[in-house]
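This briefing goes through one protein model topic by topic. Please look over the sequence and the structure before reading the points below.

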Amino acid sequence: MKIAVFGLGYVGLVTATSLSEVGHQVIGYDADTDKLESLRNSEVPFYEPGLADLVSKNIDQGNLHFVDHIDWAIADSDVIFIAVGTPPKEDGSADLKSLYQVVESLGQMLERSITIVVKSTVPVGTNQAIDRALNALLESRGLQVSCDVVSNPEFLREGNALHDVFNPDRIVIGATSRQAFDTMRRLYAPFHFTCPLLEMEPASAELSKYAANAFLASRISFMNELSRLAETVGADINQVSTALGTDPRIGHHFLHAGIGYGGSCFPKDILSLRNMFWEHRIESPLTNAIQQVNSEQRHRFAKTIIEHLADAIDNSTIALWGLTFKPNTDDMRDAPSLEISQLLQKAGANVRLYDPVLNSAIKDRFPTDSQLEFVDDMYEAVHGADALVLVTEWTTFAEPDFTKVMQLMRTPNVFDGRNFWDPDFVRSQGFTYYGVGRPEIR
Ligand code: NAD
């Protein structure tokens, strides 16, 4: 099939590339001309494992093209994907400006009936609103055409995006006509998915995406809230998590206590879901609590560090390992490292920052400040430091040379924001160890 993808960020580029990989002819369009220029040179402007090679391969094979003219993108397309960002507005609702820019352009340029697939995460009712707006624009041009608008929310995880698009757990398709469902089935047929393709109303598809993210985030917040009690009563939240997750009705996923979730999806989607409850005047104490616990968690963690260092915090050096919101990505949207480093700085510390992917996209998210220093080596970060703070659990940090760390640090304090390390082992190396929801001394 001939497909156009509008918006070439984490979701759009992975979608475009996977569709081209299975043999579709794909044209990508993005409003950001620098991004298009990089992509035409087979350079992926963000970090996603394996993606650059697959982009390059499909460009070379002639299945994947990038254009900077909307009309070129839509000229021959059977299906158009919209994967533009839907960031939160100040009031927490989703900003649909980019999405409607695309709809407006399509309404002005389309000449025939095609299928429009909305991959972006959008509030319930948006697909229906797009359907009306687009078809009204086409009608106003005197065209006898009608486009199907399909909701096809994306569930990929950054850092595992390629694995996820080729091995999804389910494909959710929200449409209002048999023809649209059949088009989507033909589109996905070459992937030979073994997972279910779930057909439903667009509203159910839209809500499914929010439900999935909010549910996963609620598990994290539940464990984080529980970790506060664990800390006080001398329980180890990691052991509790293992006991809990072993129950097949519960399972182990998303039961890790730590400094909470970040990223471009959970925080914004929970705000957007909360906003939907508000709009419909339905109380949602749960949705509120997920977000509240998460934001408190970062502050509590920073406070633990600050209180432990006490007066010595002033002019101390604190090393942060891992800056991205999770491992295997360079995405810094709502990354806990931003807030934690700011809180430590405010308390008087000099903060040394290290991440395995220390590119300009990461560095640019931090303010220019003499109290902040980026270093290219994880051990350089701890040189003369008074505290080592693990913020993001990249595998590089799984088994550091603690003997070397001990020799380099001025004061051997370890704050493990992800409960990544074995407290007994770290303590046996001479460090003072603090995790989240773990007893101070066993
Ligand atoms: P992103 O910010 O990485 O990419 C969005 C892209 O859209 C950018 O390249 C931007 O330049 C482009 N764009 C903006 N306006 C445009 C326009 N008018 N025409 C063409 N391109 C335009 O965003 P993302 O992380 O890929 O997320 C996209 C959508 O997918 C969001 O709704 C998000 O909630 C959802 N989603 C994201 C993830 C994830 O892990 N990132 C997972 C599932 C769903």
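Helices and strands here are DSSP runs, at least four residues long for a helix and at least two for a strand, numbered from the N terminus. The model is predicted. Its protein chain is divided into domain 1 (2-200) and domain 2 (215-434). In these terms, Cys 265 is found in the loop between helix H10 (237-245) and helix H11 (266-279).

**Domains and their contact**

- The centres of domain 1 and domain 2, taken over C-alpha atoms, are separated by 34 Å.
- Domain 1 gives 16 residues to the contact, and domain 2 gives 15 residues.
- On the side of domain 1 that touches domain 2, the residues divide into 9 nonpolar, 4 polar and 3 charged.

**The annotated active site**

- UniProt, in an unreviewed entry, places the feature "active site" at Cys 265.
- Is Cys 265 buried or exposed? Cys 265 counts as buried because it has 26 C-beta neighbours inside 10 Å, where the cut-off for a buried residue is 20 or more.

**Surroundings of the ligand**

- There are 27 residues around the ligand, of which Gly 7, Gly 9, Ser 98, Ser 120 and Thr 121 come nearest.
- Helix H1 (10-21) supplies at least two residues of the shell around the ligand, and helix H5 (97-109) likewise supplies at least two.
- Sorted by class, this shell holds 11 nonpolar, 10 polar and 6 charged residues.

**Annotated binding-site residues**

- The UniProt annotation "binding site", also from an unreviewed entry, covers Asp 30, Lys 35, Thr 86, Thr 121, Glu 158, Lys 268 and Arg 333.
- These residues do not all gather at one spot, because they span 304 residues in sequence and the farthest two C-alpha atoms are 23.8 Å apart.
- Thr 121, one of the annotated residues, is found in the loop between strand E5 (115-118) and helix H6 (126-140).
- With 23 C-beta neighbours inside 10 Å, Thr 121 counts as buried.
- Leaving aside residues up to four places away in sequence, Thr 121 touches Thr 86, Pro 153, Lys 209 and Asp 269.
- Arg 333 is partly exposed, because 19 other C-beta atoms lie within 10 Å.
- Which residues does Arg 333 touch, not counting those up to four places away in sequence? The contacts of Arg 333 are Gly 263, Ser 264 and Phe 325.

**The annotated C-terminal domain**

- An unreviewed UniProt entry places the feature "domain: UDP-glucose/GDP-mannose dehydrogenase C-terminal" at residues 319-423.
- The span of residues 319-423 is 27% helix and 18% strand, and its end C-alpha atoms lie 19 Å apart.

**Strands and their pairing**

- Strand E1 (residues 2-6) is largely enclosed by the rest of the structure, because 4 of its 5 residues are buried.
- E1 pairs with strand E2 (residues 25-29) in the parallel sense, over 5 bridges.
- In this pairing, Lys 2 stands opposite Gln 25 in E2.
- Strand E13 (residues 413-416) is covered on both faces: Asn 413 and Phe 415 are buried on one side, and Val 414 and Asp 416 are buried on the other.
- Strand E12 (residues 387-390) runs parallel to E13 and is joined to E13 by 3 bridges.
- Leu 390 stands opposite Asp 416 in E13.

- Arg 281 is not a glycine, yet has a positive phi of about 55°.
- The loop between H11 and helix H12 (285-309) is the place of Arg 281.
- Arg 281 counts as exposed because it has 6 C-beta neighbours inside 10 Å.
- Asn 419, which is not a glycine, has a positive phi of about 50°.
- Asn 419 lies in the loop between E13 and helix H17 (423-428).
- Asn 419 counts as buried because it has 22 C-beta neighbours inside 10 Å.

Technical notes:
Residues numbered from 1 in each chain as written. Predicted model: local features only at pLDDT ≥ 70, side-chain atom pairs only at ≥ 80, totals over all residues. Near = placed C-beta within 6 Å. Nonpolar A, V, L, I, M, F, W, Y, C, P; charged D, E, K, R; others polar. Domains from an automatic or database assignment. Contact = placed C-beta atoms within 7 Å. UniProt positions renumbered as here; feature names shortened; annotations may be inferred. Buried ≥ 20, exposed ≤ 12 C-beta atoms within 10 Å, placed from the backbone. Pairing = 2+ DSSP bridges.
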